[in-house]
Amino acid sequence: MQSGFAKDGRSFAWLIHPIDIETFFRDYFEQKPLHVTGRSLDYYAEIFRPEDMEDILWRNVHSPSIAVASKMSRAISAPISYVGTSEPWWPGEMYKDRHALIINGIQKHIAGAGRFLRGIEKFFKTSGHLNLYANPANCQGFPPHFDSHDTLILHIEGIKRWMFYGQHATNPVHTQLDSKLVPPSGDPEMELELAPGDFLYIPRGHVHAASTSDSPSKHLTLGLFPSSWRDLMDMALATSAEYLDDSLRASIPLDASRETIATTLKEHFLALAQRCNDDVFVEQARTRLLLNTIDQMQALPDHHLERFDDAGTLNEDSIIRKRDSTLCAAFMHQGEAFIRFPTFTATAMVKGPAFIFDTLKFVEETEDPFRISEMAGSMNSRSKLILARRLMTEGLLALPR
Ligand SMILES: [Fe+2]
């Protein structure tokens with residue numbers, strides 16, 4: 001199977017191959033761990049090779065993105081006992097003491113890792129983080145615990161043993177992590193060994209621990225925060241409060257009785273439920289959730305300086321493309337059309353009159369290169385050219401390379 005870091009979610013299909021996406025969601029997602037094994041040892045070479053570790057350490061000797069896995073079940077940077085000691089490089093000393101070294105945000109160091117993460121984020125329409133764990137021999141990183149994010153493990157080097165102690169909570173959220181440390185009662189329900197090229201999925205809420213034996217190991221951990229119904233309800237409520245229902249913004253009377261509060265809460269919930277019969281409202285809430293995700297993203301490396309040169313060369317027959325794995329959203333707001341997308345440093349937004357919405361939606365939904373004059377919508381070719389130049393200068397579109 002081709003590895004292809006896809007614009008359309010193929011990278012997740014590649015990640016779990018030979019398990020198919022339908023089987024994953026039916027039998028494993030949010031239910032039980034999945035172990036995929038028996039693939040080539042260098043399956044993840046486009047994302048991370050063991051030798052990349054040296055480059056990253058060399059460039060980040062004093063970087064705060066380096067931490068260690070402590071036995072207290074949390075990642076720590078510069079532990080107090082190593083501050084001011086004779087050891088100039090505390091991560092090395094900690095590694096020597098059989099602590100796992102963690103490098104957070106691997107996608108910021110390696111372009112292939114960035115493209116891979118974006119492919120997964122685009123597929124799940126949510127943001128994630130990608131961290132490297134380097135374990136010395138005979139090391140247990142975190143003690144048994146559960147997480148509030150789904151965990152995807154890409155095993156790179158060596159052998160690591162994983163222990164599972166069952167589900168502690170169903171899809172827990174971050175605020176439920178008070179009891180994240182779960183002392184195992186009895187033997188693990190399941191144990192397995194990860195070898196290079198293996199993949200492991202751990203649903204959030206499942207208690208797990210891992211350790212190396214007589215050899216060191218390296219793996220990438222992708223933490224994924226899928227959007228939940230509660231997240232969407234938050235967006236629906238915020239949309240209603242900000243644009244549609246003044247009463248939601250009124251303060252709660254200081255002397256309100258418990259009965260009044262219950263009655264008023266019920267009225268608000270009923271009004272919100274009623275609003276969900278309106279397709280436009282539902283779409284607004286859904287878009288808002290997507291915009292939150294886009295706002296957390298950064299553009300991938302992709303000829304960003306050339307866009308200023310290229311925009312001036314465009315004509316109506318030019319073929320252009322959306323940047324690699326760019327998650328963007330076109331939407332209407334108060335009678336105007338918008339499109340929002342990540343750039344190098346922040347989120348960019350281009351807006352215009354309502355009649356350009358269909359063209360912006362076309363850009364959002366089109367993954368293959370297209371001719372400017374053939375963009376959908378009622379704009380004439382000249383207007384489409386002006387819009388294409390603007391979207392290229394802002395960083396959403398580029399020439400095919
Ligand atoms: Fe974990």
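The paragraphs below take the strands, the helices packed on them and the cores in turn.

This is a predicted model, in which local features need pLDDT of at least 70, side-chain atom pairs count only at pLDDT 80 or more, and totals for chains, interfaces and linings use all residues. Residues are numbered from 1 along each chain as its sequence is written. Helices (H or I, at least four residues) and strands (E, at least two) are DSSP runs, numbered from the N terminus. Two strands pair if DSSP finds at least two bridges between them.

Strand 5 (residues 128–135) runs antiparallel to strand 4 (residues 100–103), and three bridges join them. Here Leu101 stands opposite Ala134 of strand 5. Strand 5 is also joined to strand 11 (residues 217–224), again antiparallel, by eight bridges. Across that pairing, His129 faces Gly223 in strand 11.

An open sheet of three strands has the order 13-14-15 with antiparallel pairing. Strand 13 and strand 15 (347–353) are at the edges with a single partner strand each, so one side of each has no neighbour in the sheet. From one strand to the next the twist averages 25° (axes are lines fitted to C-alpha atoms, for helices over the stretch in contact, and angles run from 0 to 180 degrees between N-to-C directions). Five bridges link strand 13 with strand 14 (residues 336–342), and Phe331 has Phe338 in strand 14 as its bridge partner. Helix 8 (residues 279–295) packs on this sheet, touching strand 13, strand 14 and strand 15, and its direction makes about 130° with that of strand 13. Helix 10 (residues 357–365) also packs on the sheet, touching strand 13 and strand 14, at about 155° to the direction of strand 13.

Ala330 lies in strand 13 (residues 329–333). Ala330 counts as buried because 21 other C-beta atoms lie within 10 Å; the cut-offs are 20 or more for buried, 12 or fewer for exposed and partly exposed in between, with C-beta atoms placed from the backbone. Leaving out residues up to four places away in sequence, the contacts of Ala330 (C-beta atoms within 7 Å) include Phe338, Phe357 and Val363.

A nonpolar core is a set of buried Ala, Val, Leu, Ile, Met, Phe, Trp, Tyr and Cys residues joined through C-beta atoms within 7 Å. The largest has 45 residues, and Leu222 is among those with the most contacts inside it. Helix 5 (residues 111–124) gives the most to this core, with five residues. A second, separate core of 23 residues includes Ala329, Val350, Val363 and Ala398.

Terms used: Two residues are in contact if their C-beta atoms, placed from the backbone, lie within 7 Å.
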